[in-house]
Amino acid sequence: MADAATIAKLEEGFKKLEAATDCKSLLKKYLTKSVFDQLKDKKTDLGATLLDVIQSGVENLDSGVGVYAPDAQAYTLFAPLFDPIIEDYHKGFKQTDKHPNKDFGDVNQFVNVDPDGKFVISTRVRCGRSMEGYPFNPCLTEAQYKEMESKVSSTLSSLEGELKGTYFPLTGMTKEVQQKLIDDHFLFKEGDRFLQAANACRYWPTGRGIYHNDNKTFLVWCNEEDHLRIISMQMGGDLGQVYRRLVSAVNEIEKRVPFSHHDRLGFLTFCPTNLGTTVRASVHIKLPKLAANREKLEEVAGKYSLQVRGTRGEHT
């Protein structure tokens, strides 16, 4: 059971959300009074409450989604809130649906999407993974961050061939190394206000780090938003090559580090927008005319369920 102080904060947050008439988040849409009353005193085995789930969306009323999962069990315990949000965001993944078994498909069917090099500047495919047996950011202790980083860095340091590279911990990183990683667009910064409000940045930079292979075409972020963000990327449009590298890396890492997986939802992530395969593919393309009119760009993107993002990712 959640304690009285937590429930009082929840009541206050719910009132704030109810009063926010211009808030368009999925949290606002689906946290009805009956769902709130059903969930407000629940607590996961690791001690996470509904407050951990909704605090970012309550603090940032301009959130699109507004919820995070503090640990794996939260998706089940707080399902009356998570399930409709997941169905809405993932366009029709109904509450009776089940994620298919893990299958990366025929990796050889992917090709170079721009063989003449006219449009695509670079190609990137990434996925998120959580380590089994550990909670997500808000519930992690400082000791757990350190323990996870140690497991991750030793696992990555044993990779060979094209994936062979170096792990750079954020703790004690020199200014020169930091600047080099920033210039390569590799280094992540401390979380944005949405992650800060979700308590995802505690003990920063303890337990955080970045790995890249010698060719700088394969990256792993440790304990940024998810436990692991595994990224494959290179210049040009050879999606096949990028995807095959990602698949081989994920399979190698999974042999050594078990991942958190849910029968119905697939691979579990801190933010419900990333659930499932967690795979996202993107190409950086030249659109010199379209970007001149921001409103038009947003309108066209919205029509195709796309998001307009800055060069530094989400919320930029």
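**Close-up views of a predicted model**

C127 is buried, with a relative accessible area of 0% (buried means under 20% relative accessible area, exposed over 50% and partly exposed in between, with a 1.4 Å probe and protein chains only). The model is predicted, so that local features need pLDDT of at least 70 and side-chain atom pairs count only at pLDDT 80 or more, while totals for chains, interfaces and linings use all residues. Residues are numbered from 1 along each chain as its sequence is written, and side-chain values use heavy atoms, with hydrogens and water left out.

View 1. The structure holds zero disulfides, a disulfide being a pair of cysteine sulfur atoms within 2.5 Å. For C127 the nearest cysteine sulfur, that of C222, is 14 Å away, and for C201 the nearest, that of C271, is 13 Å away.

**View 2. The aromatic pair of F110 and Y243.** The rings of F110 and Y243 form a tilted pair, 4.6 Å centre to centre with 50 degrees between the planes (rings of Phe, Tyr and Trp, the last by its six-membered ring, pair if their centres lie within 6.5 Å; planes under 30 degrees apart count as stacked, over 60 as edge-to-face and the rest as tilted). F110 is partly exposed at 29% relative accessible area, whereas Y243 is buried at 10%.

**View 3. Surroundings of Y145.** Y145, buried with a relative accessible area of 0%, forms an edge-to-face pair with Y203 at 6.2 Å centre to centre and 70 degrees between the planes. R208 lies over the face of Y145, at 4.1 Å from the ring centre (a charge sits over a ring if NZ of Lys or CZ of Arg is within 6 Å of the ring centre and within 35 degrees of the ring normal).
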